[in-house]
Amino acid sequence: MDSLAPMLDGFGVVLEPTNLVYCLIGVVIGMLVGVLPGLGPAATIAILLPLTFGIEPVTAIIMLAGIFYGAQYGGTITSVLLRLPGEASTVVTVFDGNALARQGRAGTALGVAAIGSFIGGTVSIVALSVLAPVVAGFALDFGPPEYTALALLGILLVATVSNGGRVKALVAACLGLLLATVGRDTFTGAERFTFDSLALADGIDFVPIAMGVFGLGEILYNLEERRRAAAPAKVADVWPSRKDLRQSAGAIGRGSVLGFFLGILPGGGAVLSSLAAYALEKRRSKTPERFGKGAIEGVAAPESANNAASTSSFIPLLTLGIPANATMAMIFGALLIQGVTPGPQLVSEDPELFWGVVNSMYIGNILLLIMSIPLVGLFVKILQVPASILAPITVLITLVGVFTIRNSAFDIALVIVFGLVGYLMKKYGFDPGPLVLAFVLGSLLETSLRQSLLLFGGDVTGFATRPISGTLLALLAAVILVPVVRGLLRSRRREPERVAERTDA
Amino acid sequence: MTQALARRRARRGTATALAIAALSLSVAACGGNLSGGGGDFPNGPVTLVVGQDPGGSTDLIGRALAEVASDDLGVPMPVVNTPGANGALAANELAGREPNGQHIMVINASLIAITPLAVSEEEAVDINDYEVVTGISQDDYVLVSASDSGLSSLDDLTASTEEIQYGTTGVGTGSQLSQELLFAQAGIEGTAVPFNGGSPALTAVLGGQVDVASIQLGEAIAQIEAGELTPLVTFAAERNQYLPDVPTAVEAGHDVQVSQFRAIVAPGGTPEATVDRLRQAFETAFASEQYQTFNEENLLTPHEVDGAQVVEEWTAALESYRATIDEYGIDLGEAS
């Protein structure tokens, strides 16, 4: 195998002391950024970009990549402890992660998340090293019709993952879809629900909504419950037990594979992968009712998936020259400044850079795992801080974080509005999860559906005749119909029995 | 009432300036070379606003310039991204700022010369509300097809019996306008499919979802060099120096001249001495080897003309585009 030599040379590159140090700097910064809600990896890389001018391209990218996947580790911490999902891909983790934290098992949740993230990341790097050129084309096969089918499937999954009433989940999801329509129509330039405000022209950002309905809404709701505020949650079981690990092993494995493949898709891959991984575990589980109330698989699966996805999102950038998300766009820009144009020729023209960056991710993931373990003990102590102190600090960090995304004071007002929405939802028993996820998927669905219809010239049968979208739609139909059919069969089988019973009586 | 508003705006300005000062201190870790010399400009950091997300070409250009210009001015020049409405959000904010040169912006010609054709009148940004410091560079659009698509020249498009599906990078962009103009003049039947930016449009061409797309050269060059994309035509008046073998649409006899130009602007009413001082700083940046290498690597053609010429060129472009789309009955957006 001729590809083996450059790959091994890549390890030589990574193990140079400078590169190791920058890898460490990158993952530490990434983890911190992930913990701070709002300030995302893309903005951080933008701020740090000038620092990379003076260093070697491969060293620079190793550091920037470290920030990116380090942030995925850090993001979990706020989702679990404070119900503040910093990115769309960690929303699902909130459901069970925060429930576990309330039961005093925050350490278990964070420990399993760290292990799951490590395994997900590592599986994905191995797969990337071996399969990158083969699966790169997969990203290209996904056109608008395929995304339409995927988004539909995702929205359907949203309804199944949520807790509480199905009707309430649907109401919340519809509200999310409605919010996704705000902004200038990307097809015609027409204004929709913008009230002549340019601040709304690009629609609402994910972060103010998620921070508002989850984080702020939760804090407002807790203000009502005086007793809870007086006694901070007790922290027991800092480490995941052997039973927890055994229980999550399957979820981590399936989450990793799912995350790797969905992560390759530019746009929405990471969100869909965490959602799909969660839904898969809930469906496979013999006790699905535990989900949402502190099932450890509910943390393990999405965390493995989103980390695997963040690693595989490098594939389109490094093999096709296509940045899959905002952070990848920043890294693309950083490479350009370094005089390297990421594209199909990168692997052959600059193998040292390609393999150096890929292999640095092994080291980075190991560093993150080593760092996470002692930090878990430290972070769970946050929960021991009385709510009267913790809540105002959380609110402050949230508001500052939201401001930094677009340097917009308007977004601060938005997060407060959504905080009120979140409070009301919580008070009346609505789960905010479906709202946020439907919001994220809604814009994907609308854009892809309209693009598809333009491509098909308005002929909807086009969806069924393309192999990938056709398969996805068949899967969608199965997910909807199987329970219905099963229900019908069951009731028909019961009917004769009932008739028999009646005649007996 | 107006006083209260002004005060509030001033206060907000101070708060932002403080935040930015703190940011730039931590970011640039700049030495204490704060003595500005004559006059009271620059008085503290000069904020360079970018109306696009970090990582895009406008952002990268801003950062490359700020790096050198801040040395010349002797004050930090933090780049602040305020994305929204193709840059209109940042431009409107800038127009409301105190005209003292402490806030300036990298502005795209498309916002001035093309977007007004697609959006309602109130949302259009007028170049006359700003003092133009200097022009920056020209970023050409290139029409690309996938190499395995069988479309390798403009003639192939014209001869095609099937309707051509073309990707654009959004409504009111140069990508949309260039293709609308070309297709109308060359009599090619086509359907526009808007994507959210250059990279999704590129992906769609590579994946065969659409037949062609007009994309900024810098975003497509890697795939062109790798032989996966075929450049059909470029949309500038002259051939692009980086793609000397690719004909222009003008050569094929069509009146299509669409490029992405960029300029530095300050709020309207900024004193002439301040604008001159800023221009001097940017001219130093233009002359630096570091910036020139940046231009080459990003396939940008310098177009460092003075402010008056920028206003003239951009206004003329808007009028000429408006006339052409009226002539051919092209509609860029339903809100116009």
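Visitor: Where does B:Q102 lie in chain B?

Guide: B:Q102 sits in the loop between α3 and β3 of chain B. Helices are DSSP runs of H or I with at least four residues, strands are runs of E with at least two, and both are numbered from the N terminus. This is a predicted model: local features need pLDDT of at least 70, side-chain atom pairs count only at pLDDT 80 or more, and totals for chains, interfaces and linings use all residues. Residues are numbered from 1 along each chain as its sequence is written, chains are lettered from A in the order in which they are written, and side-chain values use heavy atoms, leaving out hydrogens and water.

Visitor: Why is B:Q102 called buried?

Guide: Buried means under 20% relative accessible area, exposed over 50%, partly exposed in between (1.4 Å probe, protein chains only). B:Q102 has a relative accessible area of 9%, so B:Q102 is buried.

Visitor: Which residues does B:Q102 touch?

Guide: Contact means heavy atoms within 4.5 Å. Not counting residues up to four places away in sequence, B:Q102 touches B:F41, B:P42, B:N43, B:G44, B:P45, B:V46 and B:T47.

Visitor: Which residues of helix α3 in chain B are buried, and what covers them?

Guide: In α3 (residues 88–95), B:A88, B:L89, B:A90, B:A91 and B:L94 are buried. Their cover includes β1, β3, α4, β4 and β9 of chain B.

Visitor: What makes A:R184 and B:E123 a salt bridge?

Guide: The rule asks for a side-chain nitrogen of Lys or Arg within 4 Å of a carboxyl oxygen of Asp or Glu. The closest N and O atoms of A:R184 and B:E123 are 2.4 Å apart, so the pair qualifies. Across the interface of chain A and chain B, the rule finds 1 salt bridge.

Visitor: How much area do chain A and chain B bury between them?

Guide: About 3,800 Å², with 62% of it on carbon and sulfur atoms. Buried area is the accessible area (1.4 Å probe) that two parts lose on being put together, summed over both. The contact takes 44 residues from chain A and 44 residues from chain B. In chain A, A:L140, A:L198 and A:L455 lose the most area to chain B.
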